[in-house]
Amino acid sequence: MTESTPKVINVICGEFCTTRDCSSTEINLLHRAFDDIPANVSFGYERFVKTPEEIPERILDLLQIASYVFCADRMANRGSRESVANSGWARTFNLQIPVRNPDFWNAESVRKALNDALTYMTGDRRYDFAFRETQEQDQKATIVQLSLFSEAESDLINAKDADVMLFSGGLDSLAGAIEHLNENPNRKLCLVSHKSNNTSTSIRSKLTENLKQIYGDHIISYEFECHNRDMKTREETQRTRMFLFSAIAFAICNRLNKNALYIYENGVTSINIPIQVDAIN
């Protein structure tokens, strides 16, 4: 275990925070100001319902859990980049997250499923969760604060005949989108993307526009924002990004009453095998 990677990293989220400060052993994440403590993360989900009451509570909880996990991941150092196979690679998280349905999320089977999925995709030791009921009584105000509203509603409402696909903007997802569109000429394709930095966003936007020029209204783009504000990111492996990606795609599938989504990835490294120098080389 390295000095920069402690045994346990405590992550306090939302209204449970008493500070916005982050250290190697404690990460405080606020998606909006609480008790005059400024926000230090941004969650910007585009709207996929006209009224907040139409969004199931568990879907809202899932989006918030995935966003907090992703932001915590980026603030927890795995150790020196020069020693990718050292014991500092794996971390243990204790996360306290406010939710609307704590009984569901605190069920042992649910917390085990979350831990199993996250440890598999990240290579970390454990993800322990303590879910507490949010004290925010006005659900509509909460959703507005989460920036869940935009002009994307009309596109998604018209996407009943569309398939949902994760679109990172890499060659793998681009090739997958082209193949899917060519093989399914009578169906639309909803491209779900994640906005975390300007460079990747610019490239992905250009690719999306080019696809729209070729395939017209068969392309529906949906981009959401989740990133740290005014804090120096400590870890850029972003292995929890697939969890965040999948959560937002699942929410869209739920909205459109679909039971499947499409993921095109670039081979063996997409399953997040244990990191080794050979994989990097």
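Just after α3, Gly123 adopts a positive phi of about 80 degrees, where helices (H or I, at least four residues) and strands (E, at least two) are DSSP runs numbered from the N terminus. The model is a predicted one, in which local features need pLDDT of at least 70 and side-chain atom pairs count only at pLDDT 80 or more, while totals for chains, interfaces and linings use all residues. Residues are numbered from 1 along each chain as its sequence is written, and side-chain values use heavy atoms, with hydrogens and water left out.

Helix α3 (residues 108-122) itself has 15 residues and reaches 21 Å from its first C-alpha to its last, close to the 21 Å expected at 1.5 Å a residue; the expected span of a helix is 1.5 Å times one less than its number of residues. Several residues of α3 are buried, among them Val110, Leu114, Leu118 and Met121, where buried means under 20% relative accessible area, exposed over 50% and partly exposed in between (1.4 Å probe, protein chains only). The buried residues of α3 pack against α1 (57-74), α2, β5 and α8 (241-255), with contact meaning heavy atoms within 4.5 Å.

Four aromatic pairs are present in the structure, a pair being rings of Phe, Tyr and Trp (its six-membered ring) whose centres lie within 6.5 Å, with planes under 30 degrees apart counted as stacked, over 60 as edge-to-face and the rest as tilted. The rings of Phe104 and Trp105 have centres 4.9 Å apart and planes at 85 degrees, so this pair is edge-to-face. Trp105 also pairs with Phe131 in a tilted arrangement, at 6.0 Å centre to centre and with 50 degrees between the planes. That pair links distant parts of the chain, since Trp105 lies in helix α2 (residues 102-105) and Phe131 in strand β5 (residues 126-133), 26 residues apart. Trp105 counts as buried at 5% relative accessibility, as does Phe131 at 4%, whereas Phe104 is partly exposed, with a relative accessible area of 26%. Ring pairs join Phe104, Trp105, Phe129 and Phe131 into a cluster.

The charged end of Arg58 sits over the ring of Phe104, 3.9 Å from its centre, a charge being over a ring if NZ of Lys or CZ of Arg is within 6 Å of the ring centre and within 35 degrees of the ring normal. Arg132 likewise lies over the face of Phe16, at 3.8 Å from the ring centre.
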